[in-house]
Amino acid sequence: MASRRFDVRFVERFLAKHAAESNRVGPSPASRTLHRSERKTGVFLCPSPEKPLRILGIDTSLRSTGIAILESDGRTERCLDLRPIRNPANRSMGECLVHIRKTLAEYIEQWNPDEAAMEGIFFLKNAKTSLILGHARGVVVETCAEHSLNPAEYSPTRVKKALTGGGGATKSDMQRMVMRLFSLPELPQEDAADALAIALAHLHARRFAALG
């Protein structure tokens, strides 16, 4: 598993800002189940070596939904896993949705993420494609909700900026940057790379929110 180091000065500001709030909450629980309980009460989870934060990133589509797990301890961030949920062309839409739901549920149970993020709704010229994507998104949101996760949504441009610093990155650019940042042994599948980039965008967003 690969890691990337955060700026130390940011971490110091981050921890100082939330120290008082963390003290009101009480001792940090050891189990990830308690992480979810805290999230439901609105307590901001501050990543730490003792209590790392896991983010599930999802890039939704019917035929190849990308999923990834990003973990941060406030100093480093690691890609624990990334992969696509594939559906062959000869599989009906209903069967595809069932497969997405089942695979995503198993993935959440395996990695037990604290938070989730997905790509937001964007404009598509083809109405049929938009409808199909809407079905897949509905299944993803429902599956997350069943596991106490409420996915944050980010526009494609925001995700690209979080990963590459610019909003015009291509799929190939995203794959290469993900491979470079997380020291992956090989070029990741493009939808899986997008899912990890979405998780990273969420990590950046919560970081800026903490400083605001």
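This is a predicted model: local features need pLDDT of at least 70, side-chain atom pairs count only at pLDDT 80 or more; totals for chains, interfaces and linings use all residues.
Residues are numbered from 1 along each chain as its sequence is written, and side-chain values use heavy atoms, with hydrogens and water left out.

The protein contains 7 helices and 6 strands. Helices (H or I, at least four residues) and strands (E, at least two) are DSSP runs, numbered from the N terminus. Their order along the sequence is β-α-α-β-β-β-α-β-α-β-α-α-α. Of its 212 residues, 48% count as buried. Here buried means under 20% relative accessible area, exposed means over 50%, and partly exposed is in between, with a 1.4 Å probe and protein chains only. Among the contacts with a separation of 6 or more, 67% come from residues 24 or more positions apart; a contact means heavy atoms within 4.5 Å.

Helix α3 covers residues 93–111, which is 19 residues. From its first C-alpha to its last, α3 reaches 27 Å, close to the 27 Å expected at 1.5 Å a residue. The expected span is 1.5 Å times one less than the number of residues in the helix. The buried residues of α3 are C96, L97, I100, L104, A105, Y107, I108 and W111. They cover an arc of only 165° around the axis, which puts them on the same side of α3. The arc is that of the directions from the helix axis to the C-beta atoms. On the other side of α3, the residues V98, K102 and E109 are exposed.

Helix α4 can be described in the same terms. The 20 residues of α4 should span 28 Å at 1.5 Å a residue, and the end C-alpha atoms of α4 are 29 Å apart, which agrees. Buried positions in α4 are L133, A136, R137, V139, V140, T143 and C144. Seen down the axis of α4, these buried residues fall within an arc of 155°, so they line one face of the helix. A127, K128, L131 and A145 are exposed on the other side of α4. What do the buried residues of α4 pack against? Their partners are β2 (53–59), α3, β5 (115–119) and β6 (152–154).

The packing of α3 on α4 comes next. Two packed helices are described by the angle between their axes and the distance between the axes. For α3 and α4 (residues 127–146), the angle is about 30° and the axes are 9 Å apart. That makes α3 roughly parallel to α4. Axes are lines fitted to C-alpha atoms, for helices over the stretch in contact, and angles run from 0 to 180 degrees between N-to-C directions. Angles under 35 degrees count as roughly parallel, over 145 as roughly antiparallel, 65 to 115 as roughly perpendicular and the rest as oblique. The crossing of α3 and α4 is right-handed, a term used if the near helix is turned clockwise from the far one by less than a right angle. On the α3 side, the residues in contact are M93, L97, I100, R101, L104, A105 and I108. They meet I132, H135, A136, V139, V140, E142, T143, C144 and E146 in α4.

Backbone angles give another view. Most residues other than glycine have a negative phi, and most peptide bonds are trans. N112 has a positive phi of about 50° although it is not a glycine. N112 follows α3 and lies in the loop between α3 and β5. At 23% relative accessibility, N112 counts as partly exposed. After α4 comes S148, whose phi is positive, near 60°. S183 is not a glycine either, and its phi is positive, about 50°. The loop that holds S183 runs between α6 (171–181) and α7 (190–211). S183 is exposed, with a relative accessible area of 53%.

A197 lies in helix α7. Is A197 buried or exposed? At 0% relative accessibility, A197 counts as buried. Not counting residues up to four places away in sequence, A197 touches V159, L163 and M174. A197 and E119 are 78 residues apart in sequence and 9.9 Å apart in space, C-alpha to C-alpha. K161 lies in helix α5 (residues 156–164). K161 touches G166 and G167, again not counting residues up to four places away in sequence. Between K161 and A201 there are 8.2 Å in space, C-alpha to C-alpha, and the two are 40 residues apart in sequence.
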